[in-house]
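Let's take a walk through this structure together. Have the sequence and the 3D view ready, and we'll go step by step.

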Amino acid sequence: MNFEEQAGKSVLARAGVSVPQGRLCASAQEAEAAARAIGPVVVKAQVPTGKRGKSGGVKLAATPEEAAASAQAILGMEIGGFPVARVLVEEQAAIAREFYAAVLNDPASRSPLVLFSTEGGMDIEEVAATRPESLRRMAVDIRKGFGPADARRLLLGLDLGEAAVPVAAMLVDLYRVYRQHDAELLEINPLALLADGRVVPLDCKLTVDDAALYRQADIAELGAKEPLSALEERGRALDLKFIELEGNVGVLANGAGLTMTTMDVVSHAGGRPANFLEIGGEAYTKGTEALDLVLSNPGVKSLVVNFCGAFARTDVMAGGVIQAWKTLNPTIPVFFSIHGTGEDEAVRMVREELGIEPYDRMEDAISAAVEAAR
Amino acid sequence: MIVRKSDRVLVQGITGKQGTFWTEQMQAYGTTVVGGVNPKKAGQNHCGVPIFATAKEAMANGGFDVSVMFIPPAAAKAAAIDAIEAGAKTVVCLTEHIPSHDVMEMHAAAAEHGTRIIGPNTAGIVTPGEGFVGIMPAFNPRVFQPGRVGVISRSGSLGTLVCLNLVRGGHGQSAFLGIGGDPMIGTTTKDALAALIDDPGTDAIALVGEIGGSMEEEAAELVAKTDKPVVSFIAGRASPPGKKMGHAGAIVTGDRGSYASKRGALERAGAVVVDVPGDLPAALDALMAEAAKRSGAQRLAD
């Protein structure tokens, strides 16, 4: 689950980290009022994605009137596919220096990784490429944690002057918040050293592990809702992994790997997959609901049913599809490829109850479906 | 990493529906299951083997080599650490959706105790004719036959399809290594490849990859160093970037983890990467014929 800047900062604030004063505003009037209370401000689009500055979603405003005009310009923009419905109106900080700080899950070391760079405001990939000497990284033993001594060691040799102490304290705080909230990523860019010596986060990017949301209920309400289509919402309610795409060949398969592969082969055969939908794992009994979901997309002109049963029994999945087919009575053609657990029974059922002969090679079933969708 | 009949297997969560079903399947196939774990039913028998309260108790009473976990996500960390601290050589973690911080704790404990974790989110490992651990259809002779091709896959369903294709093409398997679809799995593509390269029963390797992460790129270093033919299929070419495609590990962010990057790295290292999985057996035949010719020429030169 992603958190917009303002939501991420309120998670930091709840954990005792000092953040700049700011207000979330949904209109120019609200922004004007906020600026009147705060003073000179920065007006920032609130969307759960990066590159806001480059898209014109961040503006400085010296007066309440300017704040209103900036908010007016930013509200209603679209950034990274997200419509901007709210802006954060935040105090302008007297910035002396900008840094970069992050804590994230590192697949390579299979541990948390703390990153810090004296080059704030830039993409970290760019920093790593152009100023590698400014970048520090430390893999953390998650059972031991990351304390002040670790932070001092990480910062050793960087020219931070008196900022070294508050920066080290901030890194320890960030790690604590990351750990406390099952974050996959907590990134502060820029992390600012102010003229008065304080170190404060000017931005915040927070991603919390979806698999841990059950134990993060207190902050889950602050997270950004994933933008889902109506059909995707229905899929989620059914606990099915369903992603709607732009194509015309409906895909029903079991297991993430096989479903991705089915989409690949559809593309390779010159077609366009209409969806990702897998009914593997415990979902293999939901053939009826799954088929209904695929067929509800009006763009679907043909359907591939590709089962390769291991844990999931193909006879159970095929039974669900057959039942759904008889109920929904769709007019589009369907092409089956069925292998693995329960194969003989599943093939017999499809043959006898639908009068359709499953293909032996999945590539052939998919080519036929692509041809039929043309 | 390759399961052998001599490996003593403990089943954590043996008394549940899935635990029971797959324990019976493993036993019927020949896997040496020596016990199970369920703290509430310790002292009883299930599937003809004793149930222990903990993996440590199982280790103290007869011992085991491999533990396989039929454990829900919220309890997985404790179960894995129990097995690791008991001294398991290998833990096969089938569980999907374990919170990533828990997974990192599991890996840290495993690194300290020298335990290999396979998974999380793996369908397991199979050595046709010897045994299997997990939830793969080892007992289906159309999918698994004893042979000399080692198979690595992040996905159970796609791995099953590839094995089926290989058997149809006349190739049995020396081992199937399902390594799991999560972003932070204990045994990587490179680790699995190293095991198959070292295995005297393996003549060639089918490497089934996926978009996301950089494990295939890292494995390519070993592909370049081995004489064993390597064929590969990478899933996810048609997946839109930024979306998790069922597997948490299968997500392309920026240029990282892309299909092109993986395919390029493997091809530069000498592997043959096919467009569709059905082409794997023919690619394998061609590479193996070439390798045979080379070694024949070598023998003549000697």
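Predicted model: local features only at pLDDT ≥ 70, side-chain atom pairs only at ≥ 80, totals over all residues.

Residues are numbered from 1 along each chain as its sequence is written, chains are lettered from A and ligands numbered from 1 in the order in which they are written, and side-chain values use heavy atoms, with hydrogens and water left out.

Let's begin with chain A. Its C-alpha atoms fill a box of roughly 80 × 50 × 40 Å along the principal axes. You can pick out 13 helices and 18 strands in chain A; these are DSSP runs numbered from the N terminus, with helices (H or I) of at least four residues and strands (E) of at least two. Chain A has 374 residues, and 55% of them count as buried. Here buried means under 20% relative accessible area, exposed means over 50%, and partly exposed is in between (1.4 Å probe, protein chains only).

Now zoom in on Glu90(A), in strand β7 (residues 87–91) of chain A. Is Glu90(A) buried or exposed? Glu90(A) counts as buried because its relative accessibility is 2%. Leaving aside neighbours within four places in sequence, its contacts (heavy atoms within 4.5 Å) include Glu5(A), Lys9(A), Lys44(A) and Leu202(A). For contrast, look at Glu78(A) in strand β5 (residues 78–79) of chain A: at 61% relative accessibility, Glu78(A) counts as exposed.

Arg86(A) sits in the loop between β6 (82–83) and β7 of chain A and Glu4(A) in the loop between β1 (2–3) and α1 (5–14), so the pair ties together parts that are 82 residues apart in sequence. Arg86(A) is partly exposed at 37% relative accessible area, whereas Glu4(A) is buried at 14%.

Chain B has its own example: Asp199(B) and Arg4(B) meet in a salt bridge of 3.5 Å, N to O.

Finally, see where the two chains meet. Chain B brings 54 residues to the contact and chain A brings 52. How many salt bridges cross the interface of chain B and chain A? The rule finds 8, among them the one between Arg179(A) and Glu105(B), at 2.9 Å, N to O. On the side of chain B that touches chain A, α1 (17–29), α4 (100–113), α5 (156–168) and β13 (230–235) each supply at least two residues. The largest share, 9 residues, comes from α4(B).

Terms used. Salt bridge = Lys/Arg side-chain N within 4 Å of Asp/Glu carboxyl O.
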